[in-house]
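Keep the sequence and the 3D view side by side as you read.

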Amino acid sequence: MSTKGSNYGDIHRYEPARESTAAAVAIVLLTVIEIVFVGLFTFGLVNGWGLDEVGNMYLGFLLAIIFVDLAFILMLYRKEFLPDVMIVKKRRRKWEDLYIREEDADGVSIGGTSAMDTLKRAVYPYYKK
């Protein structure tokens, strides 16, 4: 599904997700493995395995496995179950990265505004007059 509109927010390209059953089964199995490793890590942490040098390395290894397993789960989910969508974005000019409005490109005068407006502009730069 593609649109030919060039307005901001229009969907330029939409490819639906594959949603394969093998990926769903793999995610479930990896989640079970994740739960086992988190339980083992928690058990080791509660029993004080981290006080020993070898136990501390073992807990670090378990923590690394937990995050790698989580990365594989998220990678499979993103690849198989999220659609690929490209939207039209607004092209920004160079000065827009530094300033809010074009008339503020030369700076804003300090005088003539109340202290509260200055504070609001300092805390929240997108504050509108």
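On the surface, L63, F67, L70 and L74 form a nonpolar patch with about 370 Å² of accessible area together. Patches here are built from residues with over 30% relative accessible area and no salt bridge, joining like charges within 9 Å and nonpolar side chains (Val, Leu, Ile, Met, Phe, Trp, Tyr) within 5 Å. Areas come from the Shrake-Rupley method with a 1.4 Å probe, and for residues, only the protein chains shown count as cover. For reference, buried means under 20% relative accessible area, exposed over 50%, and partly exposed in between (1.4 Å probe, protein chains only).

A word on the model: it is predicted, so local features need pLDDT of at least 70 and side-chain atom pairs count only at pLDDT 80 or more, while totals for chains, interfaces and linings use all residues. Residues are numbered from 1 along each chain as its sequence is written, and side-chain values use heavy atoms, with hydrogens and water left out.

Now follow helix α2 itself. Spanning residues 53-81, α2 has 29 residues and reaches 42 Å from its first C-alpha to its last, close to the 42 Å expected at 1.5 Å a residue; that expected span is 1.5 Å times one less than the number of residues. Helices (H or I, at least four residues) and strands (E, at least two) are DSSP runs, numbered from the N terminus. The buried residues of α2 are G55, L59, L62, I66, D69, I73 and E80, and their cover includes α1 (21-46).

Which residue does E80 pair with in a salt bridge? Its partner is R18, with the closest N and O atoms 3.5 Å apart. This pair links distant parts of the chain: E80 lies in helix α2 and R18 in the loop between β1 (11-15) and α1, 62 residues apart. A salt bridge is a side-chain nitrogen of Lys or Arg within 4 Å of a carboxyl oxygen of Asp or Glu, and the structure holds one. E80 is buried, with a relative accessible area of 10%, whereas R18 is exposed, at 56%.

Stepping back, the protein has three helices and two strands, running β-α-α-β-α from the N terminus on. Of its 129 residues, 12% count as buried.

Notes. Contact = heavy atoms within 4.5 Å.
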